[in-house]
Amino acid sequence: MPSPQAIRFAQAISRTAAWSLSFYPQPILNLRRRSTAGTTPSFPFVNTLGFVSYLASTLAFYASPLIRHQYAVRNPSAPNPTVRLNDVVFALHAVVLSSLVWSMFAKRIWGLEQGAGQRVSGVIWAVVVGSLLAVVVATVFVAAAPGGGYDAEGWAWIDVVYAVSYIKLVITVIKYIPQAYTNYKRKSTDGWSIEQLILDLVGGVLSVVQLVIDSLLEGGDWSGITGNPAKFALGNVTVVFDVVFILQHYVFYRKSRAQDSKGEVEDGERSPLLSGTQHQR
């Protein structure tokens with residue numbers, strides 16, 4: 001029977017691989033189509049900010065002696081945060097790839113065709129600004145608290161880390177909504193990569209499974225989950241929205257997708273004839 005360490009390693013690597021690979025289908029599709037039409041810039045914009053916050057909080061739980069100490073004080077029965085090196089590597093990779101996809105909406109950089117009305121929505125901007133202000137407020141509270149944030153029993157620096165991690169949680173909840181609404185208005189998922197969603201779904205399921213396994217191997221202590229709510233919620237919310245997008249692609253707008261594919265074939269069949277006609281003229 002595999003050792004607990006082997007189980008953790010295999011599961012962690014599988015989840016990280018699935019989620020990491022999920023970042024590639026969309027930019028590849030954009031480059032192949034030479035267009036970002038069918039997608040919304042709100043998604044990569046907030047995705048980048050979300051993963052920057054996730055990277056910051058993950059690094060704190062993984063590498064900061066102060067944050068790890070305060071975590072241990074608050075969770076004495078399971079003093080080690082359920083954050084692994086693969087979480088840090090994944091977060092860094094996610095920041096790079098999310099930024100890359102966001103940059104594709106800059107026509108001056110990539111020269112890709114842009115869809116009509118592609119811009120970050122006002123609601124998304126409001127949520128982003130509100131989230132950042134919440135972190136500022138938390139930082140002020142901690143800095144002004146007795147002990148200057150070093151007393152884990154009161155307002156402490158770990159609370160600022162939690163506030164930063166909640167940005168990722170909030171963004172995960174809202175980031176898919178503009179794209180889901182765009183698909184609904186267009187009655188089509190054309191331009192939105194289904195492969196990234198399938199890989200994202202696998203990663204989300206494995207993320208939840210990893211936390212459960214870690215808690216079970218810690219003697220059935222669920223504080224590993226309650227002490228890292230952002231990571232647990234991240235996996236669950238991801239699963240829900242990925243299922244919605246998969247239903248849009250394969251069930252709700254299936255006919256529209258078939259018509260789009262048929263139109264592309266017909267255009268391809270007509271192009272040589274038109275080109276030939278123009279050449280004869």
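Biologist: Is Q248 buried or exposed?

Modeller: Residues count as buried under 20% relative accessible area, as exposed over 50%, and as partly exposed in between, with a 1.4 Å probe and protein chains only. Because the relative accessibility of Q248 is 5%, this residue counts as buried.

Biologist: Before we go further, what kind of model is this?

Modeller: Residues are numbered from 1 along each chain as its sequence is written, and side-chain values use heavy atoms, with hydrogens and water left out. Local features need pLDDT of at least 70, side-chain atom pairs count only at pLDDT 80 or more, and totals for chains, interfaces and linings use all residues, since this model is predicted.

Biologist: In which helix does Q248 lie?

Modeller: Helices are DSSP runs of H or I with at least four residues, strands are runs of E with at least two, and both are numbered from the N terminus. The protein has 13 helices and 0 strands. The one that holds Q248 covers residues 229-252 and is helix α12.

Biologist: Which backbone oxygen does the side chain of Q248 reach?

Modeller: Contact means heavy atoms within 4.5 Å, and, not counting residues up to four places away in sequence, Q248 touches residues including N183, Y184 and T189. At 3.2 Å, its side chain reaches the backbone oxygen of A180.

Biologist: Which lysine lies over the face of Y184?

Modeller: A charge sits over a ring if NZ of Lys or CZ of Arg is within 6 Å of the ring centre and within 35 degrees of the ring normal. Over the face of F51, at 3.5 Å from the ring centre, lies K168. Over the face of Y184, at 3.9 Å from the ring centre, lies K187.

Biologist: How many aromatic pairs does a search of the whole structure find?

Modeller: Rings of Phe, Tyr and Trp (its six-membered ring) pair if their centres lie within 6.5 Å, and planes under 30 degrees apart count as stacked, over 60 as edge-to-face and the rest as tilted. Searched as a whole, the structure gives 19.

Biologist: Why does the pair of Y54 and F90 count as edge-to-face?

Modeller: The ring centres of Y54 and F90 are 6.4 Å apart, and the pair is edge-to-face because the planes stand at 75°.

Biologist: How many residues apart in sequence are the parts that this pair ties together?

Modeller: Y54 is buried, with a relative accessible area of 6%, and F90 is buried at 2%. Because Y54 lies in helix α3 and F90 in helix α5, the pair ties together parts whose separation in sequence, in residues, is 36.

Technical notes: Polar contact = N/O pair within 3.5 Å; in protein donor to acceptor, adjacent residues only side chain to side chain.
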